[in-house]
Amino acid sequence: MVQATGSGEVAILGVTKRFGPTTAVENLDLTIPHGSYCCLLGPSGCGKTTILRMIAGHEKPTAGDIRIGGQSVLGLPQIQRGTAMMFQSYALFPHRSVLDNVAFALKMRGAGTADRHAKARELLTKVQLEKFADRLPAQLSGGQQQRVALARALVTDPSALLLDEPLSALDPFLRIRMREELKHFQRRLGISFIHVTHSQDEALALADLVIVMNAGRIEQLAPARTVFDQPGTAFVARFIGGHNVFACTVEAADGAGARLRGPHGIAIATARRGLTPGSAIHVALRTDRIRIKRAAQRLMAVGAGGGIDMPRGSLPSRVAAVEYQGAVVKLRLEADWGGELTVTQPDQSFYVAPVAEGDIVAIEWDDSDVHIVG
Amino acid sequence: MRSADGSRPWTFYFFAAFFTLFVMFLYGPMTVIYILSFQGPQGGMTFPMNGFSLEWFQSLFAQKRVGEIAGAFVRSIELALVVAVITVVLSVVAGLAFRRRFRGSAFVFYLAIASLIMPGLFVGLGIALSFRLIGVDTRWYTSGLGAQLTWTLPFGLLIMFAVLGRFNRAYEEAATDLGATSWQRVREVTLPILLPGIIGVTLFGLTLSYDELARTALGVGSQNTLPLEIWAMTTTITSPALYAVGAVTTAVSFVVIITALTAIALIQRRRARIVQE
């Protein structure tokens, strides 16, 4: 009945989901390999939870197919899909002891009391809660409740565990500890974890595979490092944070790279080859790759096109805000050309030559750090 | 709330005075009735007390003196139990059904709730007239029961709406996820979690029926319920036995309410105990 040993590869094929007039998920294709930690990341309303609920069987797709371990699960009851879900607020049954919560699925299946309690105790030992078997959920801390929810979901031997914002109910310290635990369990169990979150940190920290979603579509599907270092779209660059994003047009391209014209006519050079002159693109520039130089005078030079040409990307800007964040200092700069930039600097290097609000600074970056996001 | 210099605002005194009046109106007369129900054998219906006795309580069970009090009491309890059972079953089922937002659900809801704002006496009158029209005798367990349900069902439904409004559907999804059939889900998860609310609905059904007067009055038939019997007694009985009836019936109400509230409190406390290390 339960595909305990089956592959947990989850394939979503051309799935669309509409709720009345609104489309939550639009013609989506996605394959989540067996045994991977996968995060569905996006702002609220992007369709990530809907996808999870369709995999679990709590929503029916309007169109398309969902396959788990190669078999279509459309129309199959939740329990026969080989998935288990961990709910946002854990949904532990408040009237049942921890042991009975974990044993619930076995009871539904008709297992005897001794059998199901033995198996439940085994799982509680796995999550180090064997001492709390007789407590009620309300008598546990948030972190302990999460582990009970995990044990309860694992009792059916799922091939994929679906987690709906599992850390959002915890305070920040606990959240970081519990996410470490989730990762640890996923490694040990070797099954797929499909984790829905709106937190970039969480996705980057946990996922082998990050799927960034927006408005019912996939913006980017890539390993965590790629998503952060080479965001695929302007949306991803803005959502994942740590980037400045500009709309640009390609002025000229040659074998060594391209010359771009940014907002308000600023010139940006990139080492990226193969761009079509005249096309509109976005560039992303990581906030920690921008260098700041204290400037005594304005370095501006007005070029022939009415734009501003800078020697190798250095731009004069006014410091609008300085925010100390501990390990880094975050600066908001208002450039002479009207644009706005965020720059982060390690605190150590910032305090070597600190700048204050209102100072005029010159900034520069390497052409190789100018990343084209399409 | 005290202001910075420790004095209380005038509103405090206003509402404190109002609350005192409220308490006096509610409990003052009741206390007087309780005390007078222990009136001595020679005492009258007003103060002063002429000794203390249980004379009037004993007289309740002697048919000749106070008519049909005992029968009416039993009848009222039976009716209240039937009303409570029907109310709780239908309210819970209807409450669960209304979560689906079926076509016309709002219309059905208002149709049911409208009963609360209709004058009770006319509802009872209408029911009595209708029974006469179709040639069926009015009885406490037919027309009387129906009249009381027009009062308790909408109440029960409203309470279930409030209870279900706080119910997290993830519990049910979790149960389904773990392989519960729809019946197992209701029995093992939904009903136990809703239990305090369900006890509340039962309690309302019991007490609303037990002291219902307006709707029952005209449709009860030849045998009175307790409130009607007491109502009749106020005009015919001129002894402290009337007070003894009042004391006993109120005591029954209190027992019911305290039992139900204790049950709810125990369930809530069991679920909400804080970690004690």
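Two strands are taken to pair if DSSP finds at least two bridges between them. On that basis, 5 strands of chain A form an open sheet in this predicted model. Their order is E13-E12-E11-E14-E20, and the pairing is antiparallel. Strand E13 (267-270) and strand E20 (371-372) of chain A stand at the edges. Each has a single partner strand, so one side of each is left without a neighbour in the sheet. For E13(A), pairing with strand E12 (residues 257-261) of chain A is antiparallel and runs over 4 bridges. Within this part of the sheet, A:Ala258 stands opposite A:Thr270 of E13(A).

Strands of a sheet pair through backbone hydrogen bonds, either parallel or antiparallel. In E8(A) the partner is A:His195; in E9(A) the partner is A:Val210. Of the 5 residues of E3(A), 5 are buried, so the strand is largely enclosed by the rest of the structure. A:Tyr37, A:Cys39 and A:Leu41 point one way from E3(A), whereas A:Cys38 and A:Leu40 point the other way. Both sets are buried.

The largest nonpolar core holds 130 residues. Those touching the most other members are A:Met86, A:Val102, A:Leu162, A:Ile194, A:Val210 and A:Ile211. Helix H9 (residues 182-210) of chain B gives the most to this core, with 9 residues. Apart from this core lies another, of 13 residues, including B:Leu36, B:Trp56, B:Ile230 and B:Ala241. In soluble globular proteins, nonpolar side chains tend to be buried together. A:Val210, the bridge partner of A:Cys39 in E9(A), touches A:Cys39, A:Leu41, A:Ala203, A:Ala222, A:Ala224 and A:Val227, not counting residues up to four places away in sequence.

Chain B has 12 helices and 0 strands. Along its principal axes, the C-alpha trace of chain B spans about 75 × 70 × 40 Å. Buried residues make up 32% of the 277 residues in the chain. Among contacts in chain B between residues at least 6 apart in sequence, 75% join residues at least 24 apart. Helix H6 (residues 120-133) of chain B was checked for its span. At 1.5 Å a residue, its 14 residues should span 20 Å; the end C-alpha atoms are 20 Å apart, which agrees. Just after H6(B), B:Gly135 takes a positive phi of about 75 degrees.

The contact between the chains takes 22 residues from chain A and 19 residues from chain B. Strand E6 (83-86) and helix H3 (104-108) of chain A each supply at least two residues of the side of chain A that touches chain B. H3(A) gives the most to this side, with 3 residues. By class, the side of chain A that touches chain B has 14 nonpolar, 7 polar and 1 charged residues.

Technical notes:
Residues are numbered from 1 along each chain as its sequence is written. Chains are lettered from A and ligands numbered from 1 in the order in which they are written. This is a predicted model: local features need pLDDT of at least 70, side-chain atom pairs count only at pLDDT 80 or more; totals for chains, interfaces and linings use all residues. Two residues are in contact if their C-beta atoms, placed from the backbone, lie within 7 Å. Ala, Val, Leu, Ile, Met, Phe, Trp, Tyr, Cys and Pro count as nonpolar, Asp, Glu, Lys and Arg as charged, and the others, Gly among them, as polar. A residue is buried if 20 or more other C-beta atoms lie within 10 Å of its own, exposed if 12 or fewer, and partly exposed in between; C-beta atoms are placed from the backbone. A nonpolar core is a set of buried Ala, Val, Leu, Ile, Met, Phe, Trp, Tyr and Cys residues joined through C-beta atoms within 7 Å. The expected span of a helix is 1.5 Å times one less than its number of residues.
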